[in-house]
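Subject: A structure for you to look at

Hello! Here is the structure I promised to pass on. Please open it first, and then read my notes alongside it.

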Amino acid sequence: MAKMVEVRDLTRRFGAILAVDRVSFSVGRGEVLGFLGPNGAGKSTTMKMITGFLAPTEGTAVVCGADIVADPIAAKRRIGYLPEGAPAYPDMTPRSFLRFIAAVRGYAGDEAKRRIDLAVARTALASVMEQPIETLSKGFKRRVGLAQALLHDPDVLILDEPTDGLDPNQKHEVRTLIRALAPEKAIVISTHLLEEVDAVCSRAIVIAAGRLLADATPVELAARSRLHNAVRVSLAAGHDEAETALRRLPGVAAVERIDEAGDRALLVLPRGGQAIVGEVTDLVRTAGWAVRGLSVERGRLDEVFRTITA
Amino acid sequence: MHSTWVIFRRELASYFTTPLAYVFIVIFLAMAGALTFFVGNFFDRGQADLLPFFNYHPWLYLVLIPALAMRLWAEERKSGTIELFLTLPVSIGSAVFGKFLAAWAFAAIALALTFPFWITVNVLGQPDNGVILASYIGSLLMAGAFLSIGAALSALTKNQVIAFVVTAAACFIFTVSGSPIVLGFLTPWAPTALINVVASLSFLTHFNAIMRGVIEVPDAVFFVSVIALFLYANAVIVELKKAD
């Protein structure tokens, strides 16, 4: 897999504050890298350095062979960037704005028109092309920002919170778009929505207080969860008796009671993350309990996230 | 070069998408007229020249040019578009130069629209049109110098009002640095060399020299140097402050 983005020991200081501390990772073609971390962890600062907006205090990022510190213009040509909040000139219309972006990126005439039309079609902007951007809804503004980032069909897409503030339908659309683009490109998205990592990312890295704390696939991350392979059993009756019996199983570390709005169940936690669903179902069958539901937990990213970044 | 041109076009167009362009032009022309005819006694002087018109340009610019320059960078920083703008494949040099040229071209348009004054004076008498042309060029150079100061100071802040006030103050100091206001403050203690340097920075002195009808090389060089110096400062300030 060709490395499209290579981040090497990226460090940024703001006065006495170390905002990003020797962060290194790489992204290849076909990957969607989720960039996770609490607010203020250094996600945006890292993205600003990769895209050449901020100069790193130390380290560098190489985008498609071009070093962002040594040759910023060559690197910027290869990147499509959606800054946080999708800024765009408020008094321009999407059409004039995209024309400006096309011209800056060196496209003119039919080529510019073709690229603008394609970006507009991909982001479903056609209905608002002649309205000033300041009058557009948040969802449309975000799509104008995405259209701008996609216009030159870049190899690398850096999207800072691409679905922040969108309604569920719009989120779904943006995620579908990202998945459709993924095979051809290297994509980095920052987010604090863990469902988004599950939905679109092939890999996730977690940073907190400027340091890289984890770099793994979403499945691997979820496997770190205390809840990984836990079994949730919901019975018609007799939870007390079942709890005692389940606790005696060799693979079981603990049993917790869940009472979510009257929906009672038992959460059976495994010892060391082993698969215990076989043991549990065997016990359920021999004991003859009336089961209403039984499911295996894959592990919860939000819980892993809290454990890692706390 | 290409990106300077693209940025220039966008910036110039953006003046005209808001009422700023029209308000600016109308007020510039109205004030120029009022100052020329009522304060400058254009008719009573009985001389066919545009001295009463050009005399007031430094003072007009002092109030109006900061209004043109204040949005150049402060607005980009305030709205966050600076992050988009400076991650496009353009050099900081072409970004600074494109924006400055757009503001300067706008000032040139406003100045060109004063042509009725030129027609009036040509109808009433036989002025020395060479002197008038030199004065126009001098006025444009001075507007460029004011604008370059304003553009650099606009990059210091996100607040356009602060950019306006600071630019107006800075331009005032440059305008009057040859006059007793500034020199009287310096003479009691400063060495003569310093006083001469400060006095030579006066826009008024250089502009008055050009208004006499000869564009002397030192006067033109002075304004061009001021522009170059402040555009360089502009690029440095943008680099330093863009992420704040």
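Helices (H or I, at least four residues) and strands (E, at least two) are DSSP runs, numbered from the N terminus. This is a predicted model, in which local features need pLDDT of at least 70 and side-chain atom pairs count only at pLDDT 80 or more, while totals for chains, interfaces and linings use all residues. Residues are numbered from 1 along each chain as its sequence is written, chains are lettered from A in the order in which they are written, and side-chain values use heavy atoms, leaving out hydrogens and water.

Let's begin with the backbone. Most residues other than glycine have a negative phi. Cys64(A), however, has a positive phi near 50 degrees, and this residue sits in the loop that links β4 (58–63) to β5 (66–67) of chain A. Asp153(A) is not a glycine either, yet its phi is positive at about 45 degrees. You will find Asp153(A) between α5 (138–150) and β7 (156–160) of chain A, in the loop.

Is Asp153(A) buried, exposed or partly exposed? Its relative accessible area is 42%, so it is partly exposed (buried means under 20%, exposed over 50%, partly exposed in between, with a 1.4 Å probe and protein chains only). His152(A), also in the loop between α5 and β7 of chain A, is buried, with a value of 7%. Its side chain comes to 2.8 Å from the backbone oxygen of Ile79(A). Leaving aside residues up to four places away in sequence, His152(A) touches (heavy atoms within 4.5 Å) several residues, including Arg77(A), Gly80(A) and Tyr107(A).

Now for the pockets. A pocket is an open set of points on a 1 Å grid over the protein atoms alone, where a 1.4 Å probe fits, with protein on both sides within 12 Å along at least five of seven lines; lining residues have an atom within 4 Å of a point. The volume is the space filled by probe spheres set on the points.

The largest pocket holds about 370 Å³. Among its 22 lining residues, Ser96(A), Arg99(A), Phe100(A), Ala103(A) and Arg9(B) lie nearest the centre. Which element gives the most to this lining? That is α1(B), with seven residues.

The second largest pocket has about 300 Å³ and 17 lining residues, with Gly52(A), Pro72(A), Lys76(A), Glu239(B) and Lys242(B) nearest its centre. Here helix α2 (residues 72–78) of chain A gives the most, with three residues.

Enjoy exploring!

How values were computed: A polar contact is a pair of N or O atoms within 3.5 Å; within protein, one must be able to donate a hydrogen and the other to accept it, and residues adjacent in sequence count only if both atoms are side-chain atoms.
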